[in-house]
Amino acid sequence: MNNSTTEQPSSMVDGPLFVSMIVINTFSGVLATILNLLIIVTFVKTPSLRTAPNILILSLAITDFSVGVLVQPVHCTFLFSHMTNNTAVYESVFEVLNPILVILILASILTITAITVDRFLAVHLHLRYQELVTKKRISIVVIMIWTFSVLWTCLLLLLTKMTIVIVHIDNFLFLSLLLMNIALVLKISCVIRQHAAQIQVQQQAMNAQPGAAGNIKRSVNIMYYVLGTFCICYSPHTCVWIMKAFMPKLIKGLTALTMVNTILMLNSSINPIIYFWRIPDMRNAALQLLRCFRRNDNHRNSNNDANANADNNVNHNNNNFRL
């Protein structure tokens, strides 16, 4: 997760690859910034969306927005400075990029872990879930996640003499959280299948419609997509870290790291697409917000046109009066 060891720029640079990575990061960064900003504004403007699970999604959207607006532009500068052999800019940009990236990656994996644990509690606690998992408690969890991410990164920066050890601990923590998420998802899947079989029997006997159980199943499906996308985007980075740790001769230069970091950051532009696709309430609220913005813009334009016409009429009347 933390690539603290840097490679100095060399004259042998794969120009087309680096240019393509810059283009991909630019497009992905713009998309992540716009879509996650829309998620954040929609959450703020729509009180009905302020539920405990959605607070975790908001935290993840803030993380992804930060990746799009901060990390990816800096990463593009980092790649460009490497292409042009600008060592001073290269090292300065790396000093900025590395801690920000560590904070956001750690915040992402911890937030996704919190989402998985939240869904695990939802399928296990049943009626007690609403009582125990409140918006206040989830908000405290989010604050703790961001605080820990910042403090852990500061620890990495302070213990520079133990960089190798800390980096391995850092990556081991990341891998452990990822495996814990997978284990919880498998457990949730088993419980969901058992509940689905029981509910189907009850519905056939009572002719009832799916209620809260259906809502929990839909929210669990969202978690599957978010965690699955996370694993796909982050697994190349994890593989490269393992290879660098145990087979360092196979990973040389920045080519592999450039590619896996680009894939890693694509996750920030994919997550909001999942939210709009799988959460109808959020999608409808966002569309309504966009329509409202458009109506306000049209209303403002019509008022400007009316004022302009009124000014023209006044000037015309003044001219006639003079004549």
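**Overall build**

- Along the sequence, the pattern reads α-α-α-α-α-α-α-α-α.
- Take the contacts between residues at least 6 apart in sequence: 84% of them join residues at least 24 apart.
- The structure has zero disulfides.

**Confidence**

- The average pLDDT of the chain is 79, and 75% of the residues score at least 70.
- Residues 4–12 have a pLDDT below 50. In the model, this stretch still has 22 contacts beyond near neighbours in sequence.
- Where pLDDT is low, predicted coordinates should not be read in detail.

**Helix H5**

- Which residues of H5 are buried? They are Ile138, Val142, Ile145, Ser149, Trp152, Thr153 and Leu156.
- Cys154 has a relative accessible area of 36%. Buried needs a value under 20% and exposed a value over 50%, so Cys154 falls in between and counts as partly exposed.

- H8 runs over residues 255–278, which makes 24 residues.
- From first C-alpha to last, H8 reaches 35 Å. That is close to the 34 Å expected at 1.5 Å a residue.
- Where is the kink in H8? It lies at Ser269, shortly before the proline Pro272, and has an angle of about 30°.
- Ser269 has a relative accessible area of 5%. The cut-off for buried is under 20%, so Ser269 is buried.
- A polar atom of the Ser269 side chain lies 2.9 Å from the backbone oxygen of Leu266.
- Beyond its neighbours within four places in sequence, Ser269 is in contact with Ser28, Leu31, Ala32 and Leu35.

**Helix H3 and Thr111**

- Thr111 sits in helix H3, which spans residues 87–125.
- Is Thr111 buried or exposed? Its relative accessible area is 0%, so Thr111 is buried.
- The Thr111 side chain reaches the backbone oxygen of Ala107 at 2.6 Å.
- Setting aside neighbours within four places in sequence, Thr111 is in contact with Leu56, Ser59, Leu60 and Ile145. Ile145 is also one of the buried residues of H5.

- Val23 belongs to helix H1, residues 15–45.
- Why does Val23 count as exposed? Its relative accessible area is 52%, and exposed means over 50%.
- Cys76 has 12% relative accessibility, so Cys76 counts as buried.
- In sequence, Val23 and Cys76 are 53 residues apart. In space, they are 8.4 Å apart, C-alpha to C-alpha.

Conventions. Residues are numbered from 1 along each chain as its sequence is written. This is a predicted model: local features need pLDDT of at least 70, side-chain atom pairs count only at pLDDT 80 or more; totals for chains, interfaces and linings use all residues. Side-chain values use heavy atoms; hydrogens and water are left out. Helices (H or I, at least four residues) and strands (E, at least two) are DSSP runs, numbered from the N terminus. The expected span of a helix is 1.5 Å times one less than its number of residues. The bend at a residue is the angle between axes fitted to the seven residues ending there and the seven starting there. A disulfide is a pair of cysteine sulfur atoms within 2.5 Å. Buried means under 20% relative accessible area, exposed over 50%, partly exposed in between (1.4 Å probe, protein chains only). A polar contact is a pair of N or O atoms within 3.5 Å; within protein, one must be able to donate a hydrogen and the other to accept it, and residues adjacent in sequence count only if both atoms are side-chain atoms. Contact means heavy atoms within 4.5 Å. pLDDT is the predictor's confidence in each residue, from 0 to 100.
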